[in-house]
Amino acid sequence: MAVREEHRSILDEDEEEDEDEGSRHLSPLCDPRHLLHRILVLVFMCFLGFGSYFCYDNPAALQTQVIQDMSLNTASFMQLYAWYSWPNMFLCFLGGFLLDRVFGIRLGTVIFSLFVLIGQIIFAAGALANHFWLMNVGRFVFGIGGESLAVAQNTYAVNWFKGKELNLVFGLQLSMARLGSTVNMNVIGWVYGRIQSLTGSAGHSTLGITLMIAASTCLFSLTCALILGFLDRRAEKILKKEQGRTGEVIKLTDVKDFPFSLWLIFIICVAYYVAIFPFIGLGQVFFIEKFSFTTVQARAINSIVYIISAPASPLLGFLVDRTGRNVLWVLLAVVTTLLSHMMLAFTFWNPWIAMCLLGLSYSLLACALWPMVAFVVPEHQLGTAYGFMQSIQNLGLAVMSMAAGSLLDNKGYLFLEVFFIACLCMALLAVVLLYLYDYHTEGELNLSASTRAERLKAE
Amino acid sequence: MSRFKVNFIFSVLFVVFGVALGFLGNGDTFRRKVTVELNPGLKPPSSLPPGVALVHARALGLNDTLHFVLCNLGAPALLLVHTNSTESAVQVTWPEFINRSSPGSLRVAPESSVTYSSALVFTRIWEYDDVNNTADPQETAESSFYSPYELQNFIWSDLNTTANQSDHVITLCGRENTESFANGSLCLRLSVFESAGRDRAWPSLLHNSNSSQLHVWLDGLTPRGNLSRFALEFQSVGDSGFQGRVDVRSSIDDEYTPSIFKVFDWVSLPLNSSSVWGFSQWKPVAYRKPEPVFEDATPCRHSPLVPVSRIPQSAAVRAYFTHEPQVRGLNISFGVDKDPVHYSDTRHISWTVLMGMGDPPADSFSTLIIIIMAVGLGTPLAIIIVGGVFVCVRKRMTRASVYEPIN
């Protein structure tokens, strides 16, 4: 899933909370100011995104089954991912606007959860009815809800947990997202196997039933959204505070003011992520064919990137925060990913090593790259910058997913890996150029954390 | 700075060697001149049954000759004979050959120049009912097997020979006189090559001028059960004094056959030596359509190599091998564990094997991949070097400017 949740939303954390001195005395669990109640809200907040992360990687975990049951080739299979990304090219700009001005955070969250649920149901219905175009429509609808739901999740987090707790909450939400993906990778195949032994045969109906069962996680997320909305409204009435706002202001005209460093950061972002997500999407069969893994092992190794990312992201984030020098960390992450892809492509070494490296470098890049945007762009343009970054990332993913599928159909896995390596080389080129440009213009990107703190004090 | 230099030099050398190897790796430029003749020396009153022929492809090298003889009198066989003379020829005593295929009625003269001979014979098509969906005939009970189709009893339609500049292609198709083969046929296509190259069609085996390619396909046959799967039995006949084994090679390169990373070589080598004299090479993949796309590929596996006591019922082999030849056989079975697609879905299955002399050819990277890797890795590396130099120079200059002359 695109990394909407991985950037710290640089929002105003100093909002004043109104203390209502005339509130009734409530039990700790029901008191919106008390920690226990906020932990309860945190639980619902974390599970809000669980359904959409679980269902996002359903195609990857069931790749062989989808291809066989719907009689597809790999290029068509990758359309399932492409159709998820297409709506997000535009929604990155609209999402914040819709949540702030049109729907409000509570109604907006419920609406987006509904989109996620309905999208997954249409996706499953397409499989049951054996219409692949309907499955693509389902993924499109699912995509509309998925990314915007992450924005809503972040906004809830900022609204309920300000100050020092915010980083922890973001970290937890990210870990829950990864947990959802991991559970999907390892469980949905087993579910398919059980349904197959119940119905007695494989086929599109078995696939449809499995996807419907996966939709139950989306139903669960919708329930969390409804409960969250209720709790938030209740808290608003008791504490008399406003609905949360995303705080993002999108002005497309700001694009012409983006500095050169920012464009380099965009290139790094697109070139890097197209070497990760389509690879995971197609990874299962690669491990089965090249390394002679069993299906269960292949699914497990495919999910290792997410499993590692869950604990590693907060740790690496802490590391990057302490040391600064973001550009060097990004360089390290890109080089490590490049090495790991080269290991997978050109050797028969145990792929667990390469995939663990991939997981670590993926987490490192996320922690080091996204905050860099905040260093090069003034605060009032931050919303536009992040929105633009998400948008072209989704465009890149949509196009490259299909390209990857058709490359595989015609030229095989080695060529596909070389293609990914070429994308990473482009990212590497951009990082090196960014370092040199930043050095030349004496910019802020590669300062150590202490220097940055001094500069902040001096201002 | 010096470590930078050393690294830089090594990377440049690596890239240069890589490019060079890429260009030279496929550089088997050895060529042969191929001529094809049909039924050499056949004169009336001897006549062959309709559709049966003996095709002799003569691949002439600088100081040796490679003879490929394809004959479908009896089970279809491809005989390979290598001689160290440029004047060798195939001679057939037709009356004995047609009537009794008596040993010696097919020979390559002068016999003293023959260095190596071997034959590949397709003997049977096995069909079995895959009730457990394991696609493994070794694990299937004998009762699930239908009676095999014996290729020696097939009736062949006319031979088709085409030739273009560098390849000579001979196609023959046959069927059994039963209902199953009402619309079906088993076809063999032999390609004899003048130089190294690669077929466009999958599995795109790399061949050189010391090898020939046999493409076998079963089309339109009516299976005797809905869950039927097929296996092809073929046997290799060679002189005594040779041992055979099947080697498997794993390759990282699947450019030419997407998602297939293994190659199997059935090699034949003398008993007291380890150098390979002859081979049959194939990739463990079969295709379900005549013009396959990625999803039409199905894995295939082979049974262990077993010695066979009787020489196969093929005229060419019986006539040529006079002294106690060694016969070994194996089965290639099509399909994989839990494969939902059976033969009845597409009614077509095709497989390719390369047969030749010497070491089996080995794939190497295409130049496109090498160029992409060189450019992809080289450009950032070059910029890192240049940038590193730039940064060092800058640092030195700023350090130098700190010192102000005390006047």
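# Cavities and a helix crossing

E16 of chain B gives the largest share of the lining of the second largest cavity, 3 residues. The model behind this briefing is predicted. It holds 8 cavities of 30 Å³ or more.

**Second largest cavity**
- This cavity holds about 110 Å³ of space.
- Its lining is made of 14 residues. Nearest its centre lie Arg229(B), Phe334(B), His342(B), Tyr343(B) and Ile349(B).
- E16, helix H4 (343-346) and E24 of chain B each give two or more residues to this lining.
- By class, the lining has 5 nonpolar, 6 polar and 3 charged residues.

**Largest cavity**
- About 170 Å³ of space lies here.
- The lining counts 19 residues. Tyr116(B), Ser118(B), Ser236(B), Val237(B) and Ser268(B) lie nearest the centre.
- Strands of chain B that give two or more residues to this lining include E7 (114-129), E16 (228-238), E17 (242-250) and E18 (262-270).
- The lining divides into 7 nonpolar, 10 polar and 2 charged residues.

**Helix pair in chain A**
- Two packed helices are described by the angle and the distance between their axes.
- The axes of H5 (residues 74-102) and H7 (residues 132-160) of chain A come within 7 Å. They cross at roughly 35°.
- The crossing of H5(A) and H7(A) is right-handed.
- The contact of H5(A) with H7(A) has 14 nonpolar, 7 polar and 2 charged residues.

Technical notes
Residues are numbered from 1 along each chain as its sequence is written. Chains are lettered from A and ligands numbered from 1 in the order in which they are written. This is a predicted model: local features need pLDDT of at least 70, side-chain atom pairs count only at pLDDT 80 or more; totals for chains, interfaces and linings use all residues. Side-chain values use heavy atoms; hydrogens and water are left out. Axes are lines fitted to C-alpha atoms, for helices over the stretch in contact, and angles run from 0 to 180 degrees between N-to-C directions. Helices (H or I, at least four residues) and strands (E, at least two) are DSSP runs, numbered from the N terminus. A crossing is left-handed if the near helix is turned anticlockwise from the far one by less than a right angle, and right-handed if clockwise. Ala, Val, Leu, Ile, Met, Phe, Trp, Tyr, Cys and Pro count as nonpolar, Asp, Glu, Lys and Arg as charged, and the others, Gly among them, as polar. On a 1 Å grid over the protein atoms alone, a cavity is a set of points where a 1.4 Å probe fits but cannot get out, and a pocket is an open set with protein on both sides within 12 Å along at least five of seven lines; lining residues have an atom within 4 Å of a point. Grid points are joined across faces, edges and corners, and a volume is the space filled by probe spheres set on the points.
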